[in-house]
Amino acid sequence: MQQSKSMILHLNQAIAYQTAPFSASDAEDAYQQMLTHLDAQPVGSEGCLALSSTLNLLFAGVQESPDEATREAVEKGLPLPKVEAPFHLEEGSYTFTQLAPPSSIASLSSAIDNLFDGPPVIYLRLLKENPLTIIAQLWTQR
């Protein structure tokens with residue numbers, strides 16, 4: 001896997017995720033099912049896997065493609081309405097790395113900053129960027 005440079009991201013508003021429409025036995029299963037799920041979704045859809053520092057699955061969630069009003073609010077930096085959801089990626093500062101989706105969850109370990117120190121939660125966001133491309137983002141709280 002090609003190593004990407006990490007950046008600092010300041011999330012000013014929580015991102016809400018609904019429970020994924022599939023059941024997974026472990027992180028690898030959830031990851032593969034999430035890729036399959038997103039492949040069939042519209043552009044702008046996303047999935048998020050919350051993982052422990054040992055890469056065990058804590059939560060698998062999805063978010064539908066944003067509507068035009070939401071896109072416009074994001075572009076203008078306006079606050080979005082709060083969404084009731086079972087999982088939120090909370091406001092705060094994160095170390096952020098963007099990369100091509102790896103072939104497996106296990107191959108992510110080299111791309112995760114401070115994995116040895118055990119970040120409490122690793123967030124793997126998968127975003128359908130265009131009809132043929134899904135991108136991966138690794139977030140760890142700072």
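## Close-up views of the predicted model

**Figure 1. Leu-55 in the loop between β3 and β4.** Leu-55 is buried, with a relative accessible area of 16%. The structure is a predicted model, and in it Leu-55 belongs to the loop that lies between β3 and β4. The phi angle of Leu-55 is near 65°. This is a positive value, in a residue other than glycine. Leu-55 is also one of the residues touched by Ile-105. Burial is assigned here because 16% falls under the 20% limit on relative accessible area.

**Figure 2. Whole chain, for orientation.** The protein has 2 helices and 8 strands. Along the sequence these elements follow the pattern β-β-α-β-β-α-β-β-β-β. The C-alpha trace spans about 40 × 30 × 30 Å along its principal axes. A compact globule of 142 residues would have a radius of gyration near 14 Å, and the protein agrees with this because its own value is 14 Å. Of the 142 residues, 39% count as buried. The accessible surface comes to about 8,000 Å². Carbon and sulfur atoms account for 53% of that surface. Among contacts between residues at least 6 apart in sequence, 70% join residues at least 24 apart.

Figure 3. Strand β6 covers residues 92-99 and runs antiparallel to strand β1, residues 7-11. The two strands are joined by 5 bridges. In this pairing, Ile-8 stands opposite Thr-95 of β6. Strand β6 is also joined to strand β8, residues 133-141, by 6 bridges. The β6 and β8 strands run antiparallel as well. Here Gln-98 has Gln-137 of β8 as its bridge partner.

**Figure 4. The largest nonpolar core.** This core has 23 residues. Met-34, Leu-49, Ile-105, Leu-124 and Leu-126 are the members with the most contacts inside it. Two or more residues come from each of α1 (27-39), β3 (46-51), β4 (57-63), β7 (122-130) and β8. Helix α1 gives the most, with 6 residues.

**Figure 5. Surroundings of Ile-105.** Which residues does Ile-105 touch, not counting those up to four places away in sequence? They are Ala-27, Glu-28, Tyr-31, Leu-49, Leu-51, Leu-55 and Leu-124. Two of these residues, Leu-49 and Leu-124, are listed with Ile-105 among the members with the most contacts inside the largest nonpolar core. Leu-55, also touched by Ile-105, is the loop residue with positive phi shown in Figure 1.

Figure 6. A search of the whole structure finds 3 salt bridges. In the one shown here, the side chains of Arg-125 and Glu-46 meet with an N to O distance of 2.7 Å. Arg-125 is in strand β7 and Glu-46 is in strand β3. The pair is 79 residues apart and links distant parts of the chain. Are the two side chains in buried or exposed residues? Arg-125 is buried, with a relative accessible area of 7%. Glu-46 is likewise buried, at 5%.

**Figure 7. Glu-68 and Arg-71 in helix α2.** Glu-68 forms a salt bridge with Arg-71, and the closest N and O atoms are 3.7 Å apart. Both residues lie in helix α2, residues 68-76. They are 3 residues apart, about one turn of the helix. Glu-68 is exposed, with a relative accessible area of 55%. Arg-71 counts as partly exposed, at 33% relative accessibility.

**Figure 8. Glu-72 and Lys-76 in helix α2.** A salt bridge joins Glu-72 to Lys-76, with 3.1 Å between the closest N and O atoms. These residues also lie in helix α2, 4 residues apart, which is about one turn of the helix. Glu-72 is partly exposed, with a relative accessible area of 41%. Lys-76 is exposed, with a relative accessible area of 56%.

Terms used
Residues are numbered from 1 along each chain as its sequence is written. This is a predicted model: local features need pLDDT of at least 70, side-chain atom pairs count only at pLDDT 80 or more; totals for chains, interfaces and linings use all residues. Side-chain values use heavy atoms; hydrogens and water are left out. Two strands pair if DSSP finds at least two bridges between them. A nonpolar core is a set of buried Ala, Val, Leu, Ile, Met, Phe, Trp, Tyr and Cys residues joined through side-chain atoms within 4.5 Å. Buried means under 20% relative accessible area, exposed over 50%, partly exposed in between (1.4 Å probe, protein chains only). Contact means heavy atoms within 4.5 Å. The radius of gyration is taken over C-alpha atoms; the globule rule is 2.2 Å times the number of residues to the power 0.38. Accessible areas come from the Shrake-Rupley method with a 1.4 Å probe; for residues, only the protein chains shown count as cover. A salt bridge is a side-chain nitrogen of Lys or Arg within 4 Å of a carboxyl oxygen of Asp or Glu.
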